[in-house]
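This report is an introduction for a reader who has not seen the structure before. Please look at the sequence and the model first.

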Amino acid sequence: MDLSYTPEEEDFRARLREWLAEVLPGLPPKPSPDDWPARRAYDLGWQRMLYDAGYAEVYWNASPTVRLIFLEETEQAGAPYVGANFVGLLHAGPTIASEGTPEQRARWLPPVLRGDEVWCQGFSEPDAGSDLAALRTRAWRDGDHYVVSGSKIWTSHAEVADWCELLVRTDPAAPKHRGITWLAMPMDAPGITVRPLRTLAGSAEFAEVFLDEVQVPVTNRVGAENDGWRVTMVTLSFERGTAFVGEVVACRRVLGELAREARKNGRWDDPVLRRRLGRLNAEFRALWRLTQWNVSEAEAGGGVPGIGGSVFKLRYSHARQELYDAAAAVLGAQSLDLDRLWVLDRLSSLSYTIAAGTSQIQRNIVAERILGLPKGR
Amino acid sequence: MRFQLTEDQRALRDGVRQLLARRFDADALRAAVAEPGLDRALWRGLGEAGFFALRLPESDGGVGLGLPEAVLAFEEAGRALLPGPLVATHLAAGTVAGAATGETVVTAVDSGPVEWLTEADVVLGDASGAVPLRSVDPLTPLHRVPDALPATAGPVAVLLTAAEQLGTATRACELAVRHARTREQFGQPIGAFQAVKHLCAEMLVRAETARAAVYAAAVTADPVDIAAARLLADEAAERGARDCLQVHGGMGFTWESEVHLHLKRAWVRAQRGGEITESEELLAADLVG
């Protein structure tokens, strides 16, 4: 058991820290969360800076430990989050890198790294939420094209995306996990309608996407026809594995800010509140250690995140909600003011136990795949 | 960063597990409950195996290992529900004659009740006026020391206790899963029901989160890390044992089942090392320090 880093890793950390200190003060102010075109420009501008400085590939080509250092340092320095580039960098990119042909890798990977193109995720459907494999969006072969009809929901960044990682049903007669295919769909193709969805946080974070006989070239298929479920599992292992590393660092920073705010407004004198924050300190320290443990395992196991991701995701998503509930306790009546810091974060934290597999689904995964309990009938 | 067990650490853990399976199996546990008392032969056996001398330098006749290895050994002791003042004797190795070899049984007075007072050969701290309690844990005799100035246990004692709690959390999850896979109701194993499945999943999540905290604290030996490990390990052990009892249903409520012993020991350990609020205050102070 060792928590120290190699000289090369420490050197990487030092250079990155120096670079961040140099470039971050010159960044433009963050755009409004509802201005999607401005958010796209801001997020891609940051990605381009990473690319030009040689840091963009950290997401795909560095060791898990170096990626951990990168996410830790960028978050601690208050650098922009991946934002609109989330799906391209963390889902579609690694999936294409792992499962795509040389031509597909050459076509789609460089624009994601350079910050030229944005991806969105067309997995969820209105009638297939947690039961992802129950999706019904159909695709027919027509010569060298697939013709796609159906609808998707909860599609982040759809309004400003160039590409969509799309799951379609290509064999309705096959068992539900077997007839699925993974396609890269251009978002400017005729027949696509994007309708923003307003969330309980008041913003249009997601969209519904309607597909009416959209033509997608067969060459845009990643993996074999009807083999999309296996490809999707590769995507999801990335989603549950490393996607939350930076967020744990952010939560630890927020916890420190909460304590300072409580000292300022006098609530720190309440021992119940103080100890509640102390407990959250224990919680997020442990979650950071669990992250380091999982990253070490991934490194030893060849780089693909393991099933420990479900254990982490379960604990983290609930801890994040407890953190922002504590923020409301620190703020008191001000926690009802949407203009106050942390109030929107409290609202958006409500999605964490639902998105990327609900806590109920994650508990089934832990119970069946790690503990070996039988599937229910 | 290799935050995983090394080959040597795995071998050590497996060795302690095998030793305890040989010397303190389920039958021995039953016998100990029926006839309480410290097994001196077992204590010397632990001494011979290096359990108490694990962190003593080799030049002093010890094994020369560190805190991470001690944590792994204490986790196994917790898993096996091994009785006796293990932490106090381990900490006394090198300063109290015979502690390292298991010839001398050492207990210590800290802020909680004193464990194994009448069986101990050496008592560290002032135990004058000690009054016996009817201990909730049949395998841990307890005394209350009314007038003694409560000395708080040091961070290492807190960490080794947390390691024992981690062992209990892990064992409770194993016992619950084993029962849920074999016990049938309504025509299928109860582990197929989500209500049972989700209890077991949460037990594992709590145990694994506590494991990361306990192992990291063993590497850093930082008092704030140790306080965090203590909170997480206490929670994982107490709630884990409670959920394990629930999964066992009516059988879990009987004296015959092993489950209540795990829960009661977890309660005893949670009283060691000062009030839990002290750990919470330490962690709170760290946020503004």
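## Extent of the interface

The model is predicted. The area buried between chain A and chain B is about 4600 Å², and carbon and sulfur atoms give 63% of it. Of the area that chain A buries against chain B, 18% is supplied by Met1(A), Trp293(A) and Arg315(A), more than by any other three residues.

## Polar and charged pairs

Between chain A and chain B there are 24 residue pairs in polar contact. Nine salt bridges cross the interface of chain A and chain B. In a salt bridge between Arg275(A) and Glu281(B), the N to O distance is 3.1 Å.

## Helix 4 against helix 8 in chain A

The axes of helix 4 and helix 8 of chain A come within 8 Å and cross at roughly 35 degrees. This crossing of helix 4 and helix 8 of chain A is right-handed.

From helix 4 of chain A, the residues in this contact are Leu68(A), Leu71(A), Glu72(A), Glu75(A) and Gln76(A). They meet Val245(A), Gly246(A), Val249(A), Ala250(A) and Arg253(A) in helix 8 of chain A. The contact of these two helices comprises five nonpolar, two polar and three charged residues.

How values were computed. Residues are numbered from 1 along each chain as its sequence is written. Chains are lettered from A and ligands numbered from 1 in the order in which they are written. This is a predicted model: local features need pLDDT of at least 70, side-chain atom pairs count only at pLDDT 80 or more; totals for chains, interfaces and linings use all residues. Side-chain values use heavy atoms; hydrogens and water are left out. Buried area is the accessible area (1.4 Å probe) that two parts lose on being put together, summed over both. A salt bridge is a side-chain nitrogen of Lys or Arg within 4 Å of a carboxyl oxygen of Asp or Glu. A polar contact is a pair of N or O atoms within 3.5 Å; within protein, one must be able to donate a hydrogen and the other to accept it, and residues adjacent in sequence count only if both atoms are side-chain atoms. Axes are lines fitted to C-alpha atoms, for helices over the stretch in contact, and angles run from 0 to 180 degrees between N-to-C directions. Helices (H or I, at least four residues) and strands (E, at least two) are DSSP runs, numbered from the N terminus. A crossing is left-handed if the near helix is turned anticlockwise from the far one by less than a right angle, and right-handed if clockwise. Contact means heavy atoms within 4.5 Å. Ala, Val, Leu, Ile, Met, Phe, Trp, Tyr, Cys and Pro count as nonpolar, Asp, Glu, Lys and Arg as charged, and the others, Gly among them, as polar.
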